Amino acid sequence: MHEACGVFGIYSPNEDIARLTYFALFALQHRGQESAGIATSDGKHVQVFARMGLVSQVFNEASLSNLAGRIAIGHNRYSTTGSSHICNAQPLVVGNEENAIAIAHNGNITNTQPLIKELSANGYIFNTTTDAEVIANLILSSTEKDWASRIRQSMRRLQGAFSLALMTADTLFGVRDPLGVRPLCLGKMGNDSWVLSSESCALDHIGASFVREIEPGEIVVINANGIKSYKEESAKHALCIFEYIYFARPDSIINNRLVYETRSAMGAKLAEEYPVDADLVVGVPDSATPAAVGYATRSGIPLGMGLVKNHYTGRTFIAPDQRLRDLGVKLKFNPMRQLLEGKRIVLVDDSIVRGTTTPQVIRLLRKSGAKEVHMRVCSPPLCFPCFMGVDMATKRELIATQKSITEIRDYIGADSLGYLSLDGLVNATSLSNKCFCLACFTGDYPTPVQLVMDELEHASN
């Protein structure tokens, strides 16, 4: 399961904006590993450098030194709309001269096809397969006079999820959709420097202070005149709850609460709902580690680091041979036999999607001498696909749509299986369920998705 992207923006007359953007993207690398890019402006011209690969692979001293200016936006990409190809790497620059705009997008637009048809009929050309280009062209097509009004008019026509860092030659914009599906926050450096980021953890890495979250439906405008805010009111909010479960870094703040604390509370709720006699609590690293801490604390069962994660298996240019492929999940996790042997284990994970990795992890524990393995999951069963910017799975690929809880338990090879209830999950956030998109559990989508569902069904046939 993958998140769509990470976005960042900075306005600063005095800082090395390209270098700061680089380190911010480095902190947001977990949100996308396919491509990375930075666009800058010196007040007159917009330039961009974007390539396939991780942030550390894309940029070097030479490329950063060529990205001068006082405004920058950056992007890490994982594709949900548009293929994994260099032409889709962001930021994208659309338009030209004084009408040029650079865009970095996190989310997924569900009404792209009718918008593409309309814009194409009006002479707008598409050079990529991303919905970011649809958003940019929609803004360019607006009849409004100033950029903020053009963006605002375009927001009213977009359906789906979008958190944006936008840049013209002299202005930085932060935009969050009226539902607030994807996070976006505002930070400050010194007296005259402002930053935008998908997560607050990136602010910490570059020495910026967290000011607040960009509100759902808000447009923040930053330039030489200071900072202004425009708001599109929305009666409904739908933050993706998987930001708390899995996507966001534990050291980020969302809705004024540290993500680590929320994940720990999920683990504590799991211990209340599904207690078990056991000897050791083990979290599947890294996202489930805080939940394992919460489960251990509430249950009184000791916490152990029974699995060690190799953090460098996510992207390699060297294909393993068949013998290494057969090792499967051992390339990613290594169990510590000395801690596991003869123990009854509570294995805590954030979710079970297709059910392909979990059985392998449980087999690893058993081969390392675990006497029992009791699976505990920090989310309810995933029964519906996501159309709001998460590359999750189709409905027929989700194991919870094909099997009962008992059947899943037997399939993954666990002695027992417990999923956190929906109420338990929401309560762990200390917020109301009206604040979240819970569609992957309930099928109740916050925005129309029938067009996308029809396209997927047609493609699968």
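A salt bridge is a side-chain nitrogen of Lys or Arg within 4 Å of a carboxyl oxygen of Asp or Glu. The structure treated here is a predicted model, in which local features need pLDDT of at least 70 and side-chain atom pairs count only at pLDDT 80 or more, while totals for chains, interfaces and linings use all residues. Residues are numbered from 1 along each chain as its sequence is written, and side-chain values use heavy atoms, with hydrogens and water left out.

**Exercise 1. Describe the salt bridge between Arg-182 and Glu-243, and place its partners in the chain.**

Solution. Step one is the contact itself: the side chains of Arg-182 and Glu-243 meet with an N to O distance of 2.9 Å. Step two is the location, for which helices (H or I, at least four residues) and strands (E, at least two) are DSSP runs, numbered from the N terminus. Because Arg-182 lies in the loop between β9 (172–176) and β10 (185–189) whereas Glu-243 belongs to helix α8 (residues 242–247), the pair ties together parts that are 61 residues apart in sequence. Step three is the accessibility, where buried means under 20% relative accessible area, exposed over 50%, and partly exposed in between (1.4 Å probe, protein chains only). Arg-182 counts as buried at 0% relative accessibility, and Glu-243 counts as buried at 0% as well.

**Exercise 2. Characterise the aromatic pair of Phe-49 and Phe-59, and then the pair of Tyr-246 and Phe-247.**

Solution. Rings of Phe, Tyr and Trp (its six-membered ring) pair if their centres lie within 6.5 Å, and planes under 30 degrees apart count as stacked, over 60 as edge-to-face and the rest as tilted. A search of the whole structure finds 9 aromatic pairs. Phe-49 and Phe-59 form a tilted one, with 5.8 Å centre to centre and 45° between the planes. It links distant parts of the chain, since Phe-49 is in strand β4 (residues 46–52) and Phe-59 is in the loop between α2 (55–58) and α3 (61–65), 10 residues apart. Phe-49 is buried at 19% relative accessibility, and Phe-59 is buried at 6%.

The pair of Tyr-246 and Phe-247 is edge-to-face, with 5.3 Å between centres and 75° between the planes. Here Tyr-246 is partly exposed at 30% relative accessible area, while Phe-247 is buried at 5%.

Ring pairs also link Tyr-22, Phe-23, Phe-26, Phe-49 and Phe-59 into a cluster. Among these residues, Tyr-22 is one of the buried residues of α1, a helix (residues 17–27) in which 8 of the 11 residues are buried.

**Exercise 3. Which charged residues lie over the rings of Phe-49 and Trp-147?**

Solution. A charge sits over a ring if NZ of Lys or CZ of Arg is within 6 Å of the ring centre and within 35 degrees of the ring normal. Arg-51 lies over the face of Phe-49, at 4.2 Å from the ring centre. Over the ring of Trp-147 sits the charged end of Arg-150, 4.4 Å from its centre.
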